[in-house]
Amino acid sequence: MDLYIIRHGDPDYDNDTLTEYGWKQAEALGKRLLKEGIDYIYSSPLGRAKDTAKPLADILGKNILIQPWAQEIGPLYIPNPEFLSDECIDKGFRWYEAERFKGMPYAQIEERIHAGIDSILGSHGYERKNDKYIPHIPSNIKIALFCHGNMSPILFAHLFNVPVNKIMAQAVMYTTGITAFHFNNEEATLPVCTMFNERSHLKKHPDPNVDKIPQV
């Protein structure tokens with residue numbers, strides 16, 4: 001099984017859709033993903049994610065399956081030097097219990113997103129157990145999830161089995177970037193990252209904001 005995690009196109013935040021450039025990105029992305037043979041299309045309920053998924057869904061004649069848990073999570077996860085304080089690092093996966101972040105809803109947010117992605121994977125036969133996935137129904141299906149810049153590091157950290165505060169300091173998701181994970185059909189499998197933030201589909205539409213770290 002293969003999971004493709006895609007950030008939405010260049011956003012028009014005021015109207016929760018895409019800019020003119022964002023629509024060009026989405027069209028190019030749809031053609032790019034057509035080569036992957038996507039079987040299921042999932043999306044955040046927010047307009048900019050659904051609009052990015054639409055060209056692919058139209059090409060394939062597939063429905064977009066809305067996942068409320070995949071919506072953006074606001075400014076809490078904007079990269080922050082304090083995420084890498086000695087206290088946060090020492091607390092590992094419970095980094096948010098550091099004094100600086102007490103009372104903030106990081107634990108609830110991460111639990112919701114972990115449960116959401118594991119629900120999708122579980123519905124396709126891959127159960128998470130002891131940080132690995134058990135393929136009860138081995139398959140070669142391909143799943144695309146259209147989501148957002150701030151919540152995607154939580155997905156990556158969950159799949160890599162590392163604290164999210166470290167991933168946030170190392171991983172930047174640009175608009176329409178594709179990150180893919182492959183799940184082997186073995187007794188127990190760890191997902192293997194086969195591409196990260198891949199944007200070859202934008203060669204004809206270079207991104208003027210490519211040097212800007214995305215915020216949401």
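Are Y126 and F183 buried or exposed? Y126 is buried, and so is F183, where buried means under 20% relative accessible area, exposed over 50% and partly exposed in between (1.4 Å probe, protein chains only). Keep in mind that this is a predicted model: local features need pLDDT of at least 70, side-chain atom pairs count only at pLDDT 80 or more, and totals for chains, interfaces and linings use all residues. Residues are numbered from 1 along each chain as its sequence is written, and side-chain values use heavy atoms, with hydrogens and water left out.

**The sheet**
- Six strands make an open sheet in the order 5-4-8-1-9-10, with mixed pairing; strands (E, at least two residues) and helices (H or I, at least four) are DSSP runs numbered from the N terminus, and two strands pair if DSSP finds at least two bridges between them.
- Strand 5 (64-66) and strand 10 sit at the edges with a single partner strand each, so one side of each has no neighbour in the sheet.
- From one strand to the next, the twist averages 20°.
- Strands 1 and 9 pair in the antiparallel sense over five bridges, and Y4 stands opposite A180 in strand 9.
- Helix 2 (residues 47-60) lies across strands 1, 4 (40-43), 5 and 8, running at about 165° to strand 4; axes are lines fitted to C-alpha atoms, for helices over the stretch in contact (heavy atoms within 4.5 Å), and angles run from 0 to 180 degrees between N-to-C directions.

**Aromatic rings**
- The whole structure holds 14 aromatic pairs, counting rings of Phe, Tyr and Trp (its six-membered ring) with centres within 6.5 Å; planes under 30 degrees apart are stacked, over 60 edge-to-face and the rest tilted.
- Y126 and F183 have ring centres 6.0 Å apart and planes at 65°, so they are an edge-to-face pair.
- Y126 is in strand 6 (residues 126-129) and F183 in the loop between strand 9 (178-182) and strand 10 (192-198), so the pair ties together parts 57 residues apart in sequence.
- One aromatic cluster is formed by Y77, F83, W95, Y96, F101 and Y106.
- Beyond its neighbours within four places in sequence, Y77 is in contact with residues including F83, W95, Y106, I109 and M168.
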